Amino acid sequence: MSELKLCQGPKCHQHQTKDRLKGPKDNKTYQTRRRSSMYYGTGNFCSMWCFNDWAEIFIDRAIDHFGRLTEPKHLTEENAWTKDYDYNGWNNTPDNYYFVNGITKEQRPITREQYNDESYTLNS
Ligand SMILES: [Zn+2]
C-alpha cells in the first residue's frame, strides 16, 4: 500500500467538495485532500486551485529565498542546450536521445540515463 500525501494547499479544506467531507457520521469535517499521487506543483497539490492558493501566499517569499531575477537572462550558444528525443514509430517508446542547441541547432547524442539525469547538462 502506498503512502498517502497531503495536498499542500493552505486552503484545501476550505474548498467544500463532497470528497473532502470526512469523518464519523455525526462529526464530518471538510479536510485537506490525501492522495497517493497528485499532478500539480510537482506532486504537492491536488489541483491548480490549491497550487494557486499556495502561490498567492508564499511565492514572493520563495522567490526571494532562492534568488529573484534582477536582470534579463540572454540565450546564447553556451546555454541553449535542451534535451529531446525522437519517437520510435513502432511501439511509441522514446528512442534516440540527444541534446539540441536552440541557437546553432547542433545535435549531440546522449544515453537514456543522461537524458533522465536532471543534473546532466551542456549549459554553462
Ligand atoms: Zn488541495
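Which residues coordinate the zinc ion?

I noted at the outset that this is a predicted model, in which local features need pLDDT of at least 70, side-chain atom pairs count only at pLDDT 80 or more, and totals for chains, interfaces and linings use all residues. Residues are numbered from 1 along each chain as its sequence is written, and side-chain values use heavy atoms, with hydrogens and water left out.

**Entry 1: the zinc site.** I looked up the zinc ion and found that Cys-7, Cys-12, Cys-46 and Cys-50 coordinate it through their SG atoms at 2.3 Å. Donors are N, O and S atoms within 2.8 Å of the metal (3.2 Å for Na, K and Ca); water is not among the atoms, so sites may look incomplete. I recorded angles of 105 to 113° among the four donor atoms, and the site is tetrahedral (four donors with all angles between 85 and 135 degrees). The ideal angle for four tetrahedral donors is 109.5 degrees.

**Entry 2: the donors in the chain.** I read their spacing in sequence as C-x4-C-x33-C-x3-C. Cys-7, in the loop between β1 (5-6) and β2 (21-22), and Cys-46, in the loop between β4 (34-35) and α1 (48-66), are 39 residues apart and link distant parts of the chain. Helices (H or I, at least four residues) and strands (E, at least two) are DSSP runs, numbered from the N terminus.

**Entry 3: Phe-45.** I located Phe-45 in the loop between β4 and α1. Is Phe-45 buried or exposed? Phe-45 counts as buried because its relative accessibility is 5%, and buried means under 20% relative accessible area (1.4 Å probe, protein chains only). Its contacts (heavy atoms within 4.5 Å) beyond four places in sequence include Cys-7, Cys-50 and Trp-54.

Conventions. Tetrahedral: all angles 85-135°; square planar, octahedral: opposite > 155°, others 65-115°. Buried < 20%, exposed > 50% of the residue type's maximum accessible area, 1.4 Å probe, protein only.
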